[in-house]
Amino acid sequence: MSRSAVADPVARLAAELIQIAGAPVTLERPADPEHGDYATNVALKLAGLQQRPPREIADELAARVVEDGIATRAEAAGPGFVNLWVSDAWLADGVGEIVAAGDDFGSGSAAERERIQVELVSANPTGPVTVASARNGAYGDSVARLLSFAGHGVEREYYYNDAGAQMERFHASVEAVRRGQALPEDGYQGEYIAQLATLPGDPADAMVERIEESLERFRIHFDTWTRETEVEPEIPEAVALLDTFEEDGAVWARTSAHGDDKDRVLVRSGGEPTYFAKDASYMRRKYARGFDRLIYVLGADHHGYVARLQALAEMLGHPRESLEVLVYQLVHLVEGGAAKMMSKRRGDVVFLDELVDAVGVDAARWYLVSRGHDQTIELDVDLAKERTSKNPVYYVQYAHARIAGILRNAEVSEPAPGSGGDHVLLAPEERELVKRLLEFPAVVAQATERRAPHAVPIYAIRVADDFHRFYHEHRVLESEQEAFRLGLVRAVQLVIARCLDLVGVDAPERM
């Protein structure tokens, strides 16, 4: 279903303009409302095709827009832009659509629905979840939430190594403490090692359980957990499906023929499979479970994995574009103006639970997803703790809670603005607020397509800004426009709540 077919007045407006222009139309909001409510540069794009001056085309389009009743006013501007003004009634009807759509407003943007697996966090169980892995989780889970909201079927998976050199050092470290011996060289340190030493059985099992508890607390639920030792027995079957050759006694995958910068060793000359062979086995298992798309969320040190994993997907008989690798950058914690240095092995790492204890789940989730994944984050712990408008997550949540208070005082279970007849007269602050709300379907669709959930909190701040500006200037209760304004603030509440949910943040009713 296209977005124009659901509650998306702006998409429908663009569709009406497409019928007139005979070409794709993109609508933007001018920075200055004096230049219209919406604007399009379609005349500039048509000029080359029609071999006519763009301003001439823009004049014709503006006249047709008004003649067909698509907008109340339209003007050609600049070298060939068309500026449009919509009526108060059109905007009021938009508010009604938002309220009627409720929690579904902005959903269902997927043109084709897919079954998608998002593999995230996947840190080895050699210690609790670190802040770096928490960024992986916050980002990956927000991408998964966006994909689900768009209409895809999404599964979250955690894959971890329960064997290998790191796990051997981890086990040796715990065992040394159990025996009262010195830690091995390059062993793991920290209070958690001492705690694990007091527990019976395999410390890795206890560590995995603690990791799951931490991530559930962080509002990330995994549908499946897969261990490396489950995948290893299937390596021969996976390797047999690949384009391989032998050289110097080793078995190689011919990945360079599939977009990789070089070929990769699958089985060393001594017969030991490489980690890449395990990747092949694991990927084959994923596709065999019926997923249309695989998404790996990996740290910055895995940037080189993109081409080799896509080559592997192609070699296994799947389109390379059906596999995505989302690479995120580092997190630096700043507290008291000083950056914290972190190392899991030295034992001075900052764990997710410590961050959540300090700033709460909401602030932690917000700050770890509020910047693009390709940018390093400096998380100011002192600011994240603040319960003032300086703290953006508090500022946005406060707008939601304030609206909840208004609706409680109104004693209306579900406000429903009228149909938006000609009698509706909107103040400038109301017009700007409604136009901001109507941006939501496009914002969330673009954030989903670009795997860029940071666009959602940025947008939520703008909604809160416009709401607070409106609320400062106008009464809601006991005003002449009370019925419409109750519907308007309910629409704001719905949009803010959805924005917060998409990044894993609560929408409080009271603060």
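Glutamate 212 lies in helix 8, which covers residues 203–217. The model is predicted, and in it glutamate 212 has a relative accessible area of 31%. Buried residues fall under 20% and exposed ones over 50%, so glutamate 212 counts as partly exposed. Arginine 371 is 159 residues away from glutamate 212 along the chain, and the C-alpha atoms of the two are separated by 25 Å.

Helix 5 runs from residue 131 to residue 150 and has 20 residues. From its first C-alpha to its last, helix 5 reaches 28 Å, close to the 28 Å expected at 1.5 Å a residue. Is this helix mostly covered or mostly open? Helix 5 is mostly covered, with 18 of its 20 residues buried. Just after helix 5 comes glycine 151, which takes a positive phi of about 115 degrees.

The next topic is a pair of helices. Two packed helices are described by the angle between their axes and by the distance between those axes. Helix 4 (residues 88–101) packs with helix 20 (residues 482–502) at an angle of about 50 degrees, and their axes are 9 Å apart. Helix 4 and helix 20 are therefore oblique to each other. The crossing of helix 4 past helix 20 is left-handed. On the helix 4 side, the contact is made by Ala92, Val95, Ile98 and Val99. Helix 20 contributes Phe484, Gly487, Leu488, Arg490, Ala491, Leu494 and Val495. Sorted by class, this contact has 9 nonpolar residues, 1 polar and 1 charged.

How values were computed: Residues numbered from 1 in each chain as written. Predicted model: local features only at pLDDT ≥ 70, side-chain atom pairs only at ≥ 80, totals over all residues. Heavy atoms only, no water. Helix = DSSP H or I, 4+ residues; strand = E, 2+ residues; numbered from the N terminus. Expected span 1.5 Å × (residues − 1). Buried < 20%, exposed > 50% of the residue type's maximum accessible area, 1.4 Å probe, protein only. Axes fitted to C-alpha atoms, helices over the stretch in contact; angles between N-to-C directions. Parallel < 35°, antiparallel > 145°, perpendicular 65-115°, else oblique. Left-handed = near helix turned anticlockwise from the far one by under 90°. Contact = heavy atoms within 4.5 Å. Nonpolar A, V, L, I, M, F, W, Y, C, P; charged D, E, K, R; others polar.
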